[in-house]
Amino acid sequence: MKKIRFLAAAALAVCLALALGGCGASLPDGMQEDEVKKAAEATVSQLAGEDYEGLVASMDEVMKASTTLEDWQAVWQPIAAQVGAFEKIESHALASKDGYAVDVVKVKYANAALTFTLSYNADYQLSGLYVK
């Protein structure tokens with residue numbers, strides 16, 4: 001039984017190492033870490049300030065075509081009411097996925113913490129937004 005636990009733990013460690021190894025801070029060619037972070041901070045700020053026009057303006061054409069300003073307002077306002085006032089960005093974790101720069105941003109609010117997974121194209125336009 002102990003041998004099975006050890007093997008399971010070893011297999012899990014190998015899987016985690018492989019998964020994390022593919023998530024290095026290397027970004028798509030031509031993209032700069034500070035620019036990705038700046039874009040992510042702008043996205044978080046736009047949501048915190050309920051600047052939906054600014055948020056939509058920062059999106060790529062695919063996101064603009066698939067959502068409206070009203071959609072973002074309807075989704076974000078209940079979240080904002082629960083988490084409270086924005087306090088600070090706690091961390092950034094950068095990666096590259098399918099030609100996009102991905103920034104996993106941990107953000108502290110008055111009543112909760114949220115993790116944003118934000119994707120940007122080569123022009124630093126918002127191409128994906130997930131909140132957990």
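How many aromatic pairs does the structure hold? The structure, a predicted model, holds three.

1. Trp 76 and Tyr 109. These two residues form a tilted aromatic pair, with 6.4 Å from centre to centre and 55° between the planes. The pair links distant parts of the chain, since Trp 76 belongs to helix α5 (residues 69-83) and Tyr 109 to strand β2 (residues 100-109), 33 residues apart. Both Trp 76 and Tyr 109 are buried.

2. Phe 86 and Tyr 109. Here the ring centres are 6.0 Å apart and the planes stand at 75°, so the pair is edge-to-face, the cut-off for that class being over 60 degrees. Phe 86 lies in strand β1 (residues 86-97) and Tyr 109 in strand β2, so this pair ties together parts that are 23 residues apart in sequence.

3. Accessibility in the second pair. Is Tyr 109 buried or exposed? Tyr 109 has a relative accessible area of 1% and is therefore buried, as buried means under 20%. Phe 86, at 38% relative accessibility, counts as partly exposed.

4. The cluster. Which residues do the ring pairs link into a cluster? They are Trp 76, Phe 86, Tyr 109 and Phe 116. Of these, Trp 76 is in helix α5 and Phe 86 is in strand β1.

5. Tyr 52. This residue is located in helix α3 (residues 52-57). Its relative accessible area is 6%, so Tyr 52 is buried. Apart from neighbours within four places in sequence, Tyr 52 is in contact with Leu 69, Trp 72, Gln 73, Trp 76 and Gln 77. One of these contacts, Trp 76, is also a member of the ring cluster.

6. The strands. In what sense do β1 and β2 pair, and over how many bridges? The pairing is antiparallel, over 10 bridges. Within it, Ile 89 stands opposite Val 107 in β2. Phe 86 and Tyr 109, the edge-to-face pair, lie in these two strands, Phe 86 in β1 and Tyr 109 in β2.

7. The turn. The hairpin of β1 and β2 has two residues between the strands, and Asp 98 takes a positive phi near 55° in this hairpin.

Terms used. Residues are numbered from 1 along each chain as its sequence is written. This is a predicted model: local features need pLDDT of at least 70, side-chain atom pairs count only at pLDDT 80 or more; totals for chains, interfaces and linings use all residues. Side-chain values use heavy atoms; hydrogens and water are left out. Rings of Phe, Tyr and Trp (its six-membered ring) pair if their centres lie within 6.5 Å; planes under 30 degrees apart count as stacked, over 60 as edge-to-face and the rest as tilted. Helices (H or I, at least four residues) and strands (E, at least two) are DSSP runs, numbered from the N terminus. Buried means under 20% relative accessible area, exposed over 50%, partly exposed in between (1.4 Å probe, protein chains only). Contact means heavy atoms within 4.5 Å. Two strands pair if DSSP finds at least two bridges between them.
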